Amino acid sequence: MLQLEHVNKIYGERHALNDINIAFPEHKTTVIVGPSGSGKSTLLRSLNLLERPESGLYHFDDLNVDFSKTVPEKEILQIRRQTGMVFQNFNLFPHLSVLRNVTEAPIHVLKQSPAAATSTAKGLLAQVGLAEKADQFPTALSGGQQQRVAIARALAMKPKYMFFDEPTSALDPELEAEVLRVLLKLAQEHNSMIVVTHNMEFARGVADQIIFLEDGEILYSGDPQTFFTEPTARIHDFLSAMNFMIK
Amino acid sequence: MSSSTWEIITSALPQIITAAINYTIPLTLISFVLGLLLALITAMVRLSPLRGPFQIVRGLFWGYVWLFRSTPLLVQLFIVFFGLPNMGIQFSPWTAAIITFTLNVGAYSSETIRAAILSIPNGQWEAALTLGMTRRQVLFRIILPQAVRVSLPPLSNSFIGLVKDTSLASSITIVEMFTVGQQISARTYEPLLLYSLVALIYLVICTVLTILQGYLEKWTSRYVPTQH
């Protein structure tokens with residue numbers, strides 16, 4: 001179980017995260033939505049300490065982090081080894097083959113044998129439909145394929161939680177669909193996931209919990225059914241703006 | 001060409017080449033390898049985010065780069081070989097040359113390596129860190145292998161530059177190629193011929209290095225799709 005208590009992050013004048021209190025249950029998919037600059041990514045990136053909030057508490061199972069103190073390197077590594085991250089821009093390692101992108105961390109971080117890591121990696125690549133691309137360099141792949149490799153790379157670490165930071169925002173609709181299918185499958189297998197996205201259709205379909213963020217504040221957290229009935233004027237405005245083409 | 005000219009060439013050329021093999025080439029290779037090592041350490045220290053007392057170390061390395069980039073190589077050679085004995089520190093010509101060339105090429109190359117490391121997108125660091133790698137692992141497994149490709153052309157500049165800079169070692173009594181040419185020229189009164197021969201050997205060495213650079217660039221860029 002991941003939980004944040006009274007978490008604050010300030011960039012200069014801006015309150016990027018304003019007294020965040022939220023839990024991310026295991027084996028559930030939490031989708032974070034909200035307008036650009038609302039703090040969605042900052043919130044997600046605080047969970048693996050790519051961002052360091054100024055204050056607040058972070059509970060990761062039995063591990064308790066106090067953001068107002070220096071976080072020991074050991075605890076940071078411990079959290080990162082149990083969480084996987086998929087980025088908007090894929091961030092595959094261009095100098096390594098697709099297969100080695102997936103095996104690099106299991107071999108050098110988890111100290112798996114190359115043979116074991118390779119066989120796991122091949123299984124994961126098959127799972128995301130890219131078994132035949134194992135020996136290619138990432139630049140030879142389409143954006144959607146690169147993102148699926150990135151998902152396999154994160155899964156290879158067998159993380160407790162998977163974080164997705166706008167995983168389809170850099171993709172055109174066709175490629176977006178192939179990545180969303182992988183995400184949907186992961187959600188249906190009851191992985192613990194936290195997804196930042198602008199895709200409301202996807203949010204409606206896979207979320208067990210929705211968080212609506214604006215100006216660093218959580219304006220809604222709860223089940224998706226209620227969220228999509230537009231319980232507040234602000235949520236109504238937000239959802240209308242996202243769907244203006246259909247209406 | 002007169003027969004005497006041929007005689008001078010055939011007798012001078014082996015002597016110049018021998019000097020290249022005994023002095024110019026080993027001096028370059030040893031200084032460059034040590035210099036690269038020093039450059040890598042310097043770049044890493046200067047990029048380290050560590051605070052506290054470590055900032056003094058970072059300041060020292062900054063000072064080193066500043067000093068060696070801001071004074072002429074010839075003056076540095078003279079200070080190390082002729083100057084330091086006044087302080088009781090005496091080096092053989094070889095040691096003095098290697099120390100000076102290493103420090104000099106290390107200062108310049110550290111900036112090349114630092115720039116190459118900084119050119120790798122931050123997303124590479126983040127992706128590797130979120131996989132649980134330590135900063136050291138990220139640097140050696142993810143960042144430096146990519147930085148090699150970026151730094152290869154400017155490092156080749158330094159390497160080729162160093163080949164020619166070793167001619168300055170003649171001024172601290174090392175009988176390298178240039179000195180040999182000078183001596184034969186003084187004997188035969190053929191400065192144009194002798195210095196041209198010396199230039200020719202430098203040209204050959206640097207051409208080989210240029211070709212080698214081409215191969216290395218191709219190999220380190222194998223993961224980059226199109227080369228313009």
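This is a predicted model: local features need pLDDT of at least 70, side-chain atom pairs count only at pLDDT 80 or more; totals for chains, interfaces and linings use all residues.
Residues are numbered from 1 along each chain as its sequence is written, and side-chain values use heavy atoms, without hydrogens and water.

An unreviewed UniProt entry places the feature "domain: ABC transmembrane type-1" at residues 21-213 of chain B; such annotations may be inferred rather than shown by experiment. This span is 81% helix and 0% strand, and its end C-alpha atoms lie 21 Å apart. Helices here are DSSP runs (H or I, at least four residues), and strands are E runs of at least two.

The unreviewed entry also records the feature "transmembrane region" at residues 20-45, 66-85 and 192-216 of chain B. Residues 20-45 are 100% helix and 0% strand, with end C-alpha atoms 35 Å apart. Residues 192-216 are likewise 100% helix and 0% strand, and their end C-alpha atoms are 36 Å apart.

Two packed helices are described by the angle between their axes and the distance between the axes. In chain B, helix α1 (residues 3-47) and helix α2 (residues 54-69) pack at an angle of about 130 degrees, with their axes 9 Å apart. Axes are lines fitted to C-alpha atoms over the stretch in contact, and angles run from 0 to 180 degrees between N-to-C directions. The helices α1(B) and α2(B) are therefore oblique to each other, a class left after roughly parallel (under 35 degrees), roughly antiparallel (over 145) and roughly perpendicular (65 to 115).

The contact (heavy atoms within 4.5 Å) includes B:L38 and B:I41 of α1(B) and B:F54 and B:W62 of α2(B).

Methods
Chains are lettered from A and ligands numbered from 1 in the order in which they are written.
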